[in-house]
Amino acid sequence: MSNIIAIVGRPNVGKSTLFNRLVQRREAIVDSVSGVTRDRHYGKSEWNGKEFSVIDTGGYVVGSDDIFEGEIRKQVQLAIDESDIIVFVVDVEQGITPMDEAVAKILRQVKKPLFMAVNKVDNAMRSADAVEFYNLGLGDYYTISSINGSGTGDLLDAIAEKIPAPFDDEEPADELPRFAVVGRPNAGKSSFINALIGEDRNIVTNIAGTTRDSIDTQYNRFGFDFNLVDTAGIRKKSKVKEDLEFYSVMRAVRAIEHSDVAIVMIDATRGFEGQDEKIFWLAEKNRKGVIILVNKWDLVEKETNTMRDFEAQIRKKIAPFTDVPIIFISALTKQRIFKAIESAVLVFENRKRRIQTSKLNEAMLEIVQHNPPPATKGKFIKIKYCMQLPTHTPQFAFFANLPQYIKEPYRRYVENQLREHYDFTGVPISIYFRQK
């Protein structure tokens, strides 16, 4: 189930601060100078058992009023098109500004759930000042202080009510597997799909943003049957500016959330950049299968250990989740493209893997008995039983007498042992320690 929440508003109202609080990390840079957010930040969050993706739509360049309003309009319109829920942030300190009114005018026509958050309300006087925002014609509002968290719980409660309850059987049994080809603009996603199907179905140019929509292509050859999803930025050449990256990110978010396996394609001539890394971790947080394709390998000057060193650099950046296939391909020469598909299918099968409880206990209990969790406060921790949970993705529960004392390093040890004994290559694993 795709739940994308876009945070919109004019510059310097606290969008990035709210984003950091929702994803519980200081990922977006925060400063009192307007226009600080230029990259699009996105992350995963959870509230009341509901998971959702959050996107900070900052990144405006201050210019004349006309240019500024045009940039705001493009950003807000993109957020409306691609998100499921919109949070409109305004600033109680400055009150209603012409730019707030411009955004509100667009939002009044939206048919999607919309929440107005009046930010920087940290005392009773400012709470009374927030009444002014009724004049925007968007109905009720929520007073928050994103810097200290005041009021954000009430906002999240309201948002969570609009998000459908999670369920594990998301994909019908008879539906074809979906492999989303994601990555930065101009990494060669469309060329890869064209090479696989043997025809120029998707337009390919060296202009970033050629692909304007997510395109499904059914692949039914050599015993394989699945849907390939080509994702991309949407803007025409004349409009390929700052919003290109934003749109491609939102497309990638939605494609990943609707997929079984994310095929993360990177450009070998550019390396594994920050944007590639963010897309990789987004797939991991969504518990999707992941493979990494290093495209345009034919353009790289090679020495004896070039491939080995390149792969080592990628694995260092994606640690600790390093059990991921990394395949060096060329969509142009069709080098290793079928190996890439074989790997994606294997990862899909790994993601569905079920381990019989008796066999799981037979293997894992012996391991944890030989190397139990370290004693804490003089108390010995004993793991008595384990099982794979009946969920759509691999999740395991280990039952112990004192699960609260088991630390993260031991959880990683257990995960590594599971991966060593069972093939979960390319698949994120969730491990929970519970009271026996």
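The following questions and answers examine parts of this predicted model.

Me: In the open sheet of 3 strands, which are the edge strands?
Reply: The strands of this open sheet are ordered S13-S14-S15, and their pairing is mixed. An edge strand here pairs on one side only. The edge strands are therefore S13 (383-388) and S15 (430-435).

Me: Which residue of S15 is the bridge partner of Ala397?
Reply: Strand S14 covers residues 395-400 and pairs with S15 in the parallel sense, over 6 bridges. Ala397 has its bridge partner in S15, and that partner is Tyr432.

Me: Which strands does helix H12 touch as it packs on the sheet?
Reply: Helix H11 (residues 357-370) packs on the sheet at S13 and S14, and its direction makes about 140° with that of S13. Helix H12 (residues 408-421) packs on the sheet as well, and its direction makes about 120° with that of S15. The strands that H12 touches are S13, S14 and S15.

Me: How far apart are the end C-alpha atoms of helix H9, which should span 18 Å?
Reply: Helix H9 (residues 306-318) has 13 residues, and at 1.5 Å a residue it should span 18 Å. The distance in the model agrees with this, for the end C-alpha atoms are 19 Å apart.

Me: What arc around the axis of H9 do Thr306, Phe310, Ile314 and Ile318 cover?
Reply: Thr306, Phe310, Ile314 and Ile318 are buried in H9. They lie on the same side of H9 because the arc that they cover around the axis is only 95°. An α-helix has 3.6 residues a turn, so residues three or four places apart point the same way.

Me: How many of the 7 residues of S10 are buried?
Reply: In a regular strand the side chains alternate between the two faces of the sheet. Val261, Ile263, Met265 and Asp267 point one way from S10, while Ala262, Val264 and Ile266 point the other way, and all are buried. S10 is therefore largely enclosed by the rest of the structure, and the number of its residues that are buried is 7 of 7.

Me: Which residue of S11 is the bridge partner of Met265?
Reply: S10 and S11 pair in the parallel sense over 7 bridges. Together with H8, these strands make a right-handed β-α-β unit. The bridge partner of Met265 in S11 is Leu293.

Me: Is the peptide bond from Ala319 to Pro320 cis or trans?
Reply: Pro320 lies in the loop between H9 and S12. Omega of the bond from Ala319 to Pro320 is near 10°, and the bond is cis.

Me: Is Asn48 buried or exposed?
Reply: Asn48 lies in the loop between strand S2 (41-47) and strand S3 (50-56). Its phi is near 55°, a positive value in a residue other than glycine. The relative accessible area of Asn48 is 54%, and the cut-off is over 50%, so Asn48 is exposed.

How values were computed. Residues numbered from 1 in each chain as written. Predicted model: local features only at pLDDT ≥ 70, side-chain atom pairs only at ≥ 80, totals over all residues. Heavy atoms only, no water. Pairing = 2+ DSSP bridges. Helix = DSSP H or I, 4+ residues; strand = E, 2+ residues; numbered from the N terminus. Contact = heavy atoms within 4.5 Å. Axes fitted to C-alpha atoms, helices over the stretch in contact; angles between N-to-C directions. Expected span 1.5 Å × (residues − 1). Buried < 20%, exposed > 50% of the residue type's maximum accessible area, 1.4 Å probe, protein only. Arc of directions from axis to C-beta. Right-handed = clockwise from strand over helix to strand, strands pointing away.
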